[in-house]
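Here's a quick briefing on how two chains sit against each other. Have a look at the model first, then read on.

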2 protein chains.
Amino acid sequence: MDVEGSNLVSADNVAGTSVYGPDGSKVGSIDRVMIDKVSGKVAYAVMSFGGILGIGGDERPVPWGALNYDTSLGGFRTNITEDQLSDAPAKNDQWHRDRDWEERTHAVYGLPPYWM
Amino acid sequence: MDVEGSNLVSADNVAGTSVYGPDGSKVGSIDRVMIDKVSGKVAYAVMSFGGILGIGGDERPVPWGALNYDTSLGGFRTNITEDQLSDAPAKNDQWHRDRDWEERTHAVYGLPPYWM
């Protein structure tokens, strides 16, 4: 039994997947995903925005819940705004082991923490 | 606030993580993880067993639920048996888009499907 449009993908291949805004325009792409090893959930997409949405080409970790995979589009949609991106705490080398950073980031995007 | 032993890891870095059996001996390692893009769950670890557990060096997709991350060990533990590995349906090029293959595989390992 073949499932049309399988949604399984090697994590390596998520890198480079495009992310689109509400109006269908491309806002950025995924560099890599961060996994919570304990729960087996994807916790963050580390994204590049390429100067769109008013920020530079820096990488930004975005909570996975802010992205919705659109099977017809073959990419992700997001409703994140320029304001949220500028309000989110800056990324530092320790962000992925800094629960305070994680809490503030999820609050900015209005998402429940993945660890709850 | 620093969280001791962060469990967030870049998906790229899961590759190479060791997997241990119930007795603490290494049974294999993870080559890559497969993500269900819709749910954001890790669905499979594609593992190498390196001739241990009676099978050759072939890659085997193992449902993620068969692995438990052990923070003290810094690796995964599994209770999968040689019988399960030999009973599991063979991997083919289309396994990741073959719901029948997926159902039989989860049944062999006694795990609920990740898509339910």
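How much area do chain B and chain A bury between them? About 3,300 Å², with 60% of it on carbon and sulfur atoms; buried area here is the accessible area (1.4 Å probe) that two parts lose on being put together, summed over both. Keep in mind that this is a predicted model: local features need pLDDT of at least 70, side-chain atom pairs count only at pLDDT 80 or more, and totals for chains, interfaces and linings use all residues. Residues are numbered from 1 along each chain as its sequence is written, chains are lettered from A in the order in which they are written, and side-chain values use heavy atoms, with hydrogens and water left out.

**The interface**
- Leu8(B), Lys37(B) and Arg97(B) supply 25% of the area chain B buries against chain A, more than any other three residues.
- On contacts (heavy atoms within 4.5 Å), 36 residues of chain B meet 37 residues of chain A.

**Lys37(B)**
- You'll find Lys37(B) in the loop between β3 (26–36) and β4 (41–48) of chain B.
- Leaving aside neighbours within four places in sequence, Lys37(B) touches Asn7(A), Val9(A), Trp64(A), Tyr69(A) and Phe76(A).

Methods. Helix = DSSP H or I, 4+ residues; strand = E, 2+ residues; numbered from the N terminus.
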